[in-house]
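Q: Can you walk me through this one? I'd like the overall layout, then the ligand sites and some helix packing.

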Amino acid sequence: MRKIAFCLALAIGTTYTSHVLAGKNDGKLMEQAQSQFKPIPTEPPALEGNEVTPERIELGKWLYFDPRLSKSWLISCNTCHNLALGGVDLEETSIGHGWAKGPRNAPTVLNSVFNLAQFWDGRAEDLEAQAKGPIQAGVEMNNTPDRVERTLKSIPEYVQSFRKAFPGEADPVSFNNMAKAIEAFEATLLTPGSPFDKYLKGDAGALSKAEKRGLKLFMDKGCSSCHSGVNLGGEGYYPFGVVEKPGGEVLPEEDKGRFAVTKTASDEYVFKVPSLRNIELTPPYFHSGEVWELEQAVAIMGSSQLGIDLNDNETAAIVTFLKTLTGEQPKVEYPILPPHTKGTPLPVVDVSSEAMMGH
Ligand code: HEC
Ligand code: HEC
């Protein structure tokens, strides 16, 4: 009898201590996470040299969805950054004008306003500078600033909308203002409210035990030395292959990344650390778009960036955590665009004979 009572006391005692200890460790884990990551805000941040007014956001939304910014009238920003698909096109590398295949995977536009610069190599300093790129790129929308301005000026509702968005300007319908309006709209494409953000805001129950284990591994193994801050990435540049270069399929030899921007030898194969927000929605992974499974992407990161072999169990735990980074997707009402007029330059479709033959 006495023995049983003793055992019982011991059992209760053990449960009690392990419970309290778990609570303490949980608190430590949360503190550690809070020191490295920040939740996505619910309101767009202030932009340098651009005012995020409701009129600018609305105009930017029209432009984002308007395929008439492309030479073919077939391709809009939303073609490759589909807001119904986490802001991406789910292609290995993007398909643009004339069915041409671009060299890189399309990163998401969601939360991209928080990245230190835009593109895999950071060649655009912000979203305003970025928006001018794809419209002119031959393998994307293949248009010219002059043709875009003529198109917009030929549509009276656009002229009115630019006037409202850029009040007091003598010539509001310009390629520059187009980019500003798109930037203002993109700044609203945020995904707050993910389970991980609830956790960061103090709700210990927002993550399951398995998800917390993944979070702990993500920090303890060193992933967060590069993937940190509000976007779990987007804050710096690192070589892809710090410790060990991945194979030529995943890291094609011809794309030297940031080297093309800085012409500095140490920037060969250096890329912007991508955001891991909503990562489960945006395969395939890496700038080459060669990896479709998140487990494989995580395993490659272990060997290439950290020089460690993560076992299947650890990889799975980290992936479980990464899935808690999916937030509330922006609710965007599809705009009804104003009709073109007789003065609007008509679409030009260059379909290469190869594409027509189904090659
Ligand atoms: C044909 C497909 C295509 C179209 C159309 C397109 N993009 Fe992109 N976008 C890409 C690809 C591919 C990249 C990555 C290119 C690189 O890094 O060199 C990219 C990169 C970006 C980025 C950088 C994100 C980051 O985290 O670095 C933003 C923002 C963006 N595009 C916005 C836009 C906007 C706005 C439009 C319309 C004006 C647009 N894109 C049109 C394919 C496209
Ligand atoms: C030394 C910095 C560094 C470390 C450490 C690191 N990463 Fe990365 N990560 C990068 C860079 C740079 C890329 C972009 C590679 C590319 O495609 O060029 C990347 C890409 C990724 C991608 C693909 C994202 C996308 O949108 O395609 C995932 C997923 C990822 N990392 C997860 C992890 C995980 C999990 C760990 C820890 C096991 C980790 N990373 C450790 C720098 C790092």
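**Layout, ligand shells and helix packing**

A: In this predicted model, 38% of the protein's 359 residues count as buried.

Q: What are the helix and strand counts for the protein?
A: There are 13 helices and two strands.

Q: And what does the C-alpha trace span along its principal axes?
A: About 100 × 45 × 40 Å.

Q: What share of the contacts between residues at least 6 apart in sequence join residues at least 24 apart?
A: That share is 72%.

Q: Ligands next. Which residues come nearest to ligand 1?
A: Cys-77, Cys-80, Gly-96, Phe-119 and Pro-134, out of 25 residues around ligand 1.

Q: Which helix gives the most to that shell around ligand 1?
A: Helix α4, with five residues. Both α3 (77-80) and α4 supply at least two residues each.

Q: How does the shell around ligand 1 split by class?
A: It has 14 nonpolar, nine polar and two charged residues.

Q: Now ligand 2: which residues come nearest there?
A: Around ligand 2 there are 25 residues, and the nearest are Cys-223, Cys-226, Phe-271, Phe-286 and Met-301. The largest share of this shell, six residues, is from helix α11 (residues 294-306).

Q: Since α7 came up, how do the axes of α2 and α7 cross?
A: The axis of α2 (residues 54-65) comes within 7 Å of that of α7, and the two cross at roughly 100°. That angle is why α2 counts as roughly perpendicular to α7.

Q: Which residues make that contact?
A: On α2, the contact residues are Arg-56, Ile-57, Leu-59, Gly-60, Lys-61, Leu-63 and Tyr-64. On α7, they are Met-178, Lys-180, Ala-181, Ile-182, Ala-184 and Phe-185.

Q: How do the residues of the contact of α2 with α7 divide by class?
A: Nine are nonpolar, one is polar and three are charged.

Notes. Residues are numbered from 1 along each chain as its sequence is written. Chains are lettered from A and ligands numbered from 1 in the order in which they are written. This is a predicted model: local features need pLDDT of at least 70, side-chain atom pairs count only at pLDDT 80 or more; totals for chains, interfaces and linings use all residues. A residue is near a molecule or strand if its C-beta atom, placed from the backbone, lies within 6 Å of it. Helices (H or I, at least four residues) and strands (E, at least two) are DSSP runs, numbered from the N terminus. Axes are lines fitted to C-alpha atoms, for helices over the stretch in contact, and angles run from 0 to 180 degrees between N-to-C directions. Angles under 35 degrees count as roughly parallel, over 145 as roughly antiparallel, 65 to 115 as roughly perpendicular and the rest as oblique. Two residues are in contact if their C-beta atoms, placed from the backbone, lie within 7 Å. Ala, Val, Leu, Ile, Met, Phe, Trp, Tyr, Cys and Pro count as nonpolar, Asp, Glu, Lys and Arg as charged, and the others, Gly among them, as polar. A residue is buried if 20 or more other C-beta atoms lie within 10 Å of its own, exposed if 12 or fewer, and partly exposed in between; C-beta atoms are placed from the backbone.
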